[in-house]
Amino acid sequence: MINGLPEEEYFVSGHSACPGCGAAIIMRIITKAAGKNTILVHNTGCMEVVSTKFPTTAWKLPWVHGAFENGAAIASGIHAGLKAQGKRNDYNILVIGGDGSTFDIGFGALSGAIDRGDKFTYVCYDNEAYANTGLQKSGATPLYAWTATTPIGKLIRGNMRDKKPIVDIIAAHKVEYVATATIAYPHDLFNKVKKALLYDGVSFIHVLSPCILGWKYDSNKTIELSRLAVDTGMFYLYEIERGKFKLSITPKMEPVEKYLKAQGRFAHLTNQEIEEIQKIVNENWEELNKRINSN
Amino acid sequence: MKRIGEASAAVAEAVKLCKPQVISIYPITPQTHIVERLSELVNNGELKAEVIRAESEHSMVSAIIGASLTGSRVFSATSSQGLALAHEVMHIVSGMRIPAVMAIAARALSAPINIWGDHSDVMTSRDTSWIQLHCKNTQAAFDTIIQAYYIAEKIKLPVMVILDGFTLTHLAEPVDVAEQKKVDLFLPPLKMNYTLNPEKPISFGNVAFPTDYMEIKHKQAEAMVNAEKIIKEANNKFYKIFKRKYGDGLIEIHNPKASKVIIASGTTAETCKTLKDFCVIHLRCFRPFPYESIRKALEGKKEVYVIDRSYSYGAGGPLWLEVCNIFKEAKSRIMGLGGRDITLDSIRKAVSSKEKEMWVDKL
């Protein structure tokens with residue numbers, strides 16, 4: 001139980017997520033924020049698979065899953081159906097997708113729904129790989145990270161390109177609200193979902209989701225790693241509200257080494273590679289400061 | 001009231017009379033006239049419906065899942081590459097027992113790219129567990145849309161209403177347009193057994209393990225078999241109200257006494273009827289496959305020619321393969337691929353040879 005959040009649970013026990021799974025904590029917080037009058041749409045992925053083994057369900061809200069890439073399109077259908085019946089204002093629609101379904105295979109469906117002006121909130125829980133299929137590289141995998149399809153070989157060592165700037169890409173569609181969050185700051189995540197649901201059109205929240213198996217760390221470090229990601233500037237917490245950029249937490253800008261060394265997926269990194277990542281993070285922080293100052 | 005218009009307009013008119021609440025659309029030749037006409041009807045206030053202008057056919061079909069689960073009646077339409085792109089979702093729609101109706105302007109598949117009519121797209125979709133009804137002319141297109149909603153909503157399986165691309169979609173014929181009150185009498189309002197409702201939260205699209213998957217799929221297989229009865233029932237009920245019927249609903253038999261038979265689907269069957277000494281069976285319903293109706297129709301027949309407008313590579317014409325289960329000496333005639341004209345001369349050629357398989361008119 002997290003102080004100050006509603007006691008009512010909508011993602012309940014019985015699911016089969018790994019102990020200490022970051023995404024399972026995200027599910028609890030975002031459904032608490034959305035509340036009872038919410039319809040959930042889920043892309044295929046870890047949280048979908050662990051939560052609905054027929055004939056059981058871990059969801060105490062109406063929930064629908066179609067395929068890997070079509071959650072946003074199904075949500076468009078729900079939006080239109082409720083609108084046609086004069087019930088659109090009675091319910092929230094919350095779409096949940098992992099990074100594979102959001103950054104990659106379902107990106108077109110999400111972009112299309114934004115373009116149509118359909119109203120729902122999309123939460124991407126990002127564990128930076130196709131974790132459900134055994135940890136393969138996705139468009140969200142960070143630079144040099146190990147995944148099952150970017151192994152540490154003699155010629156090529158890990159993932160050779162940094163992750164897509166998904167929040168900027170979504171923000172470029174001129175949506176009213178985008179934000180980032182982590183479970184190290186649960187109230188921030190809770191409040192951002194509440195806020196997102198108020199806006200017209202598609203609102204988008206990108207949540208970093210530590211994965212014990214994929215990132216290779218002990219299951220009691222999930223919150224700690226979420227906080228380290230923010231403290232080192234590897235993952236910024238911010239929101240863009242009607243074009244206005246606002247940093248939610250000012251990072252301490254601790255050395256990225258602290259974050260990288262805590263995870264087995266970066267265990268192979270040389271000092272030079274760590275320095276390179278530090279340089280990118282520093283540059284990003286400078287860019288971000290320009291945006292903060294321009295507001 | 002009779003109106004002259006192309007079959008695409010007749011489909012749009014029939015859809016309007018069925019009062020769908022959500023229409024999900026994406027353009028593709030030769031289907032586009034249907035969704036353009038529907039867009040006009042909505043924008044002119046003649047049809048009260050939400051239109052989802054999807055960014056792909058994959059999303060277009062996905063959206064009807066969401067809309068249907070809110071309890072809305074849905075309509076969609078596509079063709080060829082669009083149906084192929086949506087293929088994954090077609091299985092999900094039927095597996096979730098969504099009573100969707102979709103018009104298909106049947107067209108060839110790439111490569112080579114070809115925008116003209118054949119049945120490659122719908123035959124590739126035959127195992128998606130959508131009921132497949134072929135239309136022989138413009139009036140049939142109009143009537144079949146209305147019957148399709150009755151069938152889909154009663155058996156809780158989706159229905160494809162198939163029009164031959166260009167040959168039918170773009171063919172203008174007089175159509176007897178039904179009155180709204182008669183359509184209302186025929187088609188009761190949609191009642192979904194389960195919807196996405198926070199008052200009664202249910203999960204749709206769960207993971208079924210090997211312990212449960214077969215049972216769920218067997219129920220679906222049973223529903224598909226039972227659909228035969230519902231298709232016949234729709235045909236009979238439709239006749240009582242509108243005085244038009246399509247054989248037993250599954251097949252239509254022209255000149256039943258002739259001992260030589262041609263079996264074909266869609267507009268090709270109409271062309272075949274001009275051959276005087278042949279019995280022509282129009283296969284209206286390809287899925288579920290009407291084995292019993294065909295078995296009865298072929299009793300005592302001497303020669304059977306089956307015309308396919310598509311091909312299962314390494315096996316043969318898909319319709320012929322089915323007919324062989326009943327009449328194993330049936331001859332296969334592959335015709336009209338990629339919009340190649342099926343003329344009376346080509347049909348004469350097709351039935352004058354004793355070859356087992358023949359690609360008619362191929363140079």
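1. Helix H7 (residues 138-155) of chain B and helix H9 (residues 213-242) of chain B have axes 9 Å apart and an angle of about 135° between them. (Helices, H or I of at least four residues, and strands, E of at least two, are DSSP runs numbered from the N terminus; axes are lines fitted to C-alpha atoms, for helices over the stretch in contact, and angles run from 0 to 180 degrees between N-to-C directions.) That makes H7(B) oblique to H9(B); under 35 degrees would be roughly parallel, over 145 roughly antiparallel, 65 to 115 roughly perpendicular, and the rest is oblique. The crossing of H7(B) and H9(B) is right-handed, as it is when the near helix is turned clockwise from the far one by less than a right angle, with anticlockwise being left-handed.

2. Who touches whom there? On the H7(B) side you'll find B:Asp143, B:Gln147, B:Tyr150, B:Ile151, B:Lys154 and B:Ile155, and their partners in H9(B) include B:Ala223, B:Asn226, B:Ile230 and B:Phe238. Contact here means C-beta atoms, placed from the backbone, within 7 Å. The residues of this contact split into 9 nonpolar, 3 polar and 2 charged. For the classes, Ala, Val, Leu, Ile, Met, Phe, Trp, Tyr, Cys and Pro count as nonpolar, Asp, Glu, Lys and Arg as charged, and the others, Gly among them, as polar.

3. A quick word on reading the names and the cut-offs: residues are numbered from 1 along each chain as its sequence is written, while chains are lettered from A and ligands numbered from 1 in the order in which they are written. Because the model is predicted, local features need pLDDT of at least 70 and side-chain atom pairs count only at pLDDT 80 or more, whereas totals for chains, interfaces and linings use all residues.

4. Now chain B as a whole. Its secondary structure comes to 13 helices and 16 strands. The radius of gyration of chain B is 20 Å, close to the 21 Å that the globule rule gives for 363 residues, so chain B is as compact as a globular protein of that length. (The radius is taken over C-alpha atoms, and the rule is 2.2 Å times the number of residues to the power 0.38.) Along the principal axes, the C-alpha atoms of chain B fill a box of roughly 65 × 55 × 45 Å. Buried residues make up 55% of the 363, and of the contacts in chain B with a separation of 6 or more, 76% link residues 24 or more positions apart. Buried means 20 or more other C-beta atoms within 10 Å of the residue's own, exposed means 12 or fewer, and partly exposed is in between; the C-beta atoms are placed from the backbone.

5. Next, the meeting of the two chains: 38 residues of chain A are in contact with 38 residues of chain B. On chain A's side, strand E1 (38-42), strand E2 (63-65), H3 and helix H5 (107-116) each supply at least two residues, with the largest share, 11 residues, coming from H3(A). By class, that side has 18 nonpolar, 14 polar and 6 charged residues.

6. What does H3(A) pack against in chain B? Helix H3 (residues 71-84) of chain A and helix H3 (residues 57-68) of chain B have axes that come within 6 Å and cross at roughly 45°. H3(A) and H3(B) are therefore oblique to each other, and their crossing is right-handed. Among the residues that meet are A:Ala73, A:Ile74 and A:Gly77 in H3(A) and B:Ser59, B:Ala63 and B:Gly66 in H3(B). The residues of this contact divide into 9 nonpolar, 6 polar and no charged.

7. Most residues other than glycine have a negative phi, and most peptide bonds are trans. A cis peptide bond joins B:Thr29 and B:Pro30, with omega about 0°; B:Pro30 sits in the loop between strand E2 (22-25) and helix H2 (32-43) of chain B. Another cis peptide bond joins B:Arg287 and B:Pro288, with omega about -5°. As for phi, B:Phe166 has a positive value of about 65° although it is not a glycine, and B:Phe166 is partly exposed, with 18 other C-beta atoms within 10 Å. A:Arg242 has a positive phi near 45° and counts as exposed, with 9 C-beta neighbours inside 10 Å.
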